[in-house]
Amino acid sequence: MHCEMILDEYRERQPIYNKIKDIVLDRLRSTLRDNNMVVTAIEGRVKTEHSLAGKLELKGSKYHTIDDITDIVGVRIITFFSDEVDKIAAMVERMFDIDWDNSVDKRKMLAIDRFGYMSLHYICRIPTSIYHDPEQPLLNELRFELQMRTALQHVWANMQHDTGYKSEVEIPMEYQRSLNRLAGILELADEQFSRIRKEINDYRRNVQSLVATGNFDEVPLNGDTFRSYCDLRPFQRLAEKIATINQAELYEDSPMPYYNILLRLGMKTIGDIERMRAECSDGAYQLALIQLAGTGLDIVAYSVALQNLCIVKILKLGYGTVGLTGMFSAIYGESAYNAQRAERIYQQALRSGLVLNDHHPETETSAS
Amino acid sequence: MDITIKNEGEKTLVTLDGRLDTTNADQFQSDIQPLLDLQKPDIDIDCTNMTYTSSQGLRIFLSLQKSVLARGGKMVLHNMNPQVKEVFDITGFSNIIAIR
């Protein structure tokens, strides 16, 4: 009988439960966004009448009133990494009123020789500081459950649910053992993901500091380090000089398309780019002068500086038109035009003394 | 310069014929203005018969591409002749504007 009363009250309160779910989801999403925190998913649900009836049938005697059931509104945040669960938890603690007596850190409940479901469950209320409607005091009085777990814990929980593993008696011991082993692997994988991410972040910080202090020869060239180096605007002076040829506007763009060209040119450290900059800047400017002077073109992209540095470097290495064609194909894709452009630049370079000897490109080593 | 704008299904085909310079840049800008109001525009610009572009033309392509990308669309310049392509190359715009 009291189960019927609980279900009646549930039906009556359903709009309030839905509103609690919506408010919580909305506030969580905006707070995560404001804190630049990226998660795998945020999801919420109000327990269906069918599911609640099932729960009451199984454990009805445990609940005296509907308020004793704390998971009618359930919200879940799924993170990528295990260390993010604690960060999210700290954020949640600041946002909501937590019912500590009923909140559970299932991650700490397992014995050291057990693996399995691990998740952090908080029972919360919406404080009036977040949402207040004097007409609907229940919005601040009713509790909801907030689960925080990693994507792998989520996989485990779903698998556990699907296999009926949670009830333990329903499946033979050998399958339980297999599932336990798998849970251990998932826990280990979660730990490894967090550790690898930390190591990558440490590496990036270290490299950024080496770049910032100018220890370029100690910095290996890779996508990350090149980006950090570009943040120092190493081609600014040359780009500005090129822009003065036609009193042009300098248009900001990214030099990243040239990263692969630098690798093809055999550059191993940021120091190698610095040496190219020192050796080839005059040539790169000369080339721009030949190409732009008298054209009236009064807008140039910042990356032209690096484009011309690479062209001059290729010519200095003696890679000739084959090398230039390889560079253009690498950036713009294969096209007959690339060879024509390479030939034109090569002839310009010959006439201006940027290339001293007339190499035979067919016999040269290609930068590509 | 002659500008033709045709809709082919969900795609907009723009054909440019002649020189794009200061004398007709404003006209070009106003002709393509309606394209900026399209939801998720998909614009192909045929440059087969385009003989030259000035900096003004580059700026218009740039602003058109920005608007198109901001609306989740795409814009590609096709069949550029070598003289016009050189303008894009020496200014570094070949890396900025999508060209095929």
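**A:Asn36 is an exposed residue with 6 C-beta neighbours inside 10 Å.** A:Asn36 is located in the loop between helix H1 (2-34) and strand E1 (41-46) of chain A. Although A:Asn36 is not a glycine, its phi is positive, near 50°. Helices (H or I, at least four residues) and strands (E, at least two) are DSSP runs, numbered from the N terminus. The model is predicted: local features need pLDDT of at least 70, side-chain atom pairs count only at pLDDT 80 or more, and totals for chains, interfaces and linings use all residues. Residues are numbered from 1 along each chain as its sequence is written, while chains are lettered from A and ligands numbered from 1 in the order in which they are written.

**Chain A comprises 13 helices and eight strands.** Of its 368 residues, 30% are buried. Two residues are in contact if their C-beta atoms, placed from the backbone, lie within 7 Å. Among contacts in chain A with a separation of 6 or more, 73% are between residues 24 or more positions apart. Confidence in chain A is highest in strand E8, at 97, and lowest in strand E4 (residues 104-105), at a mean of 73. Residues 360-368 of chain A have a pLDDT below 50, and this stretch has 25 contacts in the model beyond near neighbours in sequence.

**Chains A and B meet through 17 residues of chain A and 15 residues of chain B.** On the side of chain A that touches chain B, two or more residues each come from helix H10 (270-292), strand E8 (299-301), helix H11 (304-316) and helix H13 (336-352). This side of chain A has nine nonpolar, five polar and three charged residues. Here Ala, Val, Leu, Ile, Met, Phe, Trp, Tyr, Cys and Pro count as nonpolar, Asp, Glu, Lys and Arg as charged, and the others, Gly among them, as polar.

**H11(A) is largely enclosed by the rest of the structure, because twelve of its 13 residues are buried.** The buried residues include A:Val304, A:Leu306, A:Asn308, A:Cys310, A:Lys313 and A:Leu315. Just after H11(A), A:Gly318 has a positive phi of about 80°.

**The buried residues of H13(A) line one face of the helix, as they fall within an arc of 135° seen down its axis.** The arc is that of the directions from the helix axis to the C-beta atoms. A:Asn338, A:Arg341, A:Ala342, A:Ile345, A:Tyr346 and A:Ala349 are the buried residues. An α-helix has 3.6 residues a turn, so residues three or four places apart point the same way. The buried residues of H13(A) pack against H10, H11 and helix H12 (320-332) of chain A, together with helix H3 (82-91) of chain B. A:Ala336 and A:Arg351, on the other side of H13(A), are exposed. The 17 residues of H13(A) should span 24 Å, which agrees with the 25 Å between its end C-alpha atoms. A:Gly353, which follows H13(A), has a positive phi near 85°.

**Chain B follows the pattern β-β-α-β-α-β-α along its sequence.** It contains three helices and four strands, and 36% of its 100 residues are buried. Of the contacts in chain B between residues at least 6 apart in sequence, 71% join residues at least 24 apart.

**Strand E1 (residues 2-8) of chain B lies largely in the open, since the number of buried residues among its seven is zero.** Seven bridges join E1(B) to strand E2 (residues 11-20) of chain B, and the two run antiparallel. Strands are taken to pair if DSSP finds at least two bridges between them. B:Asp2 has B:Asp17 as its bridge partner in E2(B). The hairpin of E1(B) and E2(B) has two residues between the strands, and B:Gly9 takes a positive phi near 65° in this hairpin.

**B:Asn79 occupies the loop between strand E4 (74-78) and H3 of chain B.** Its phi is positive, about 50°, although B:Asn79 is not a glycine. With 15 C-beta neighbours inside 10 Å, B:Asn79 counts as partly exposed.

Key:
Expected span 1.5 Å × (residues − 1). Buried ≥ 20, exposed ≤ 12 C-beta atoms within 10 Å, placed from the backbone. pLDDT = per-residue confidence, 0-100.
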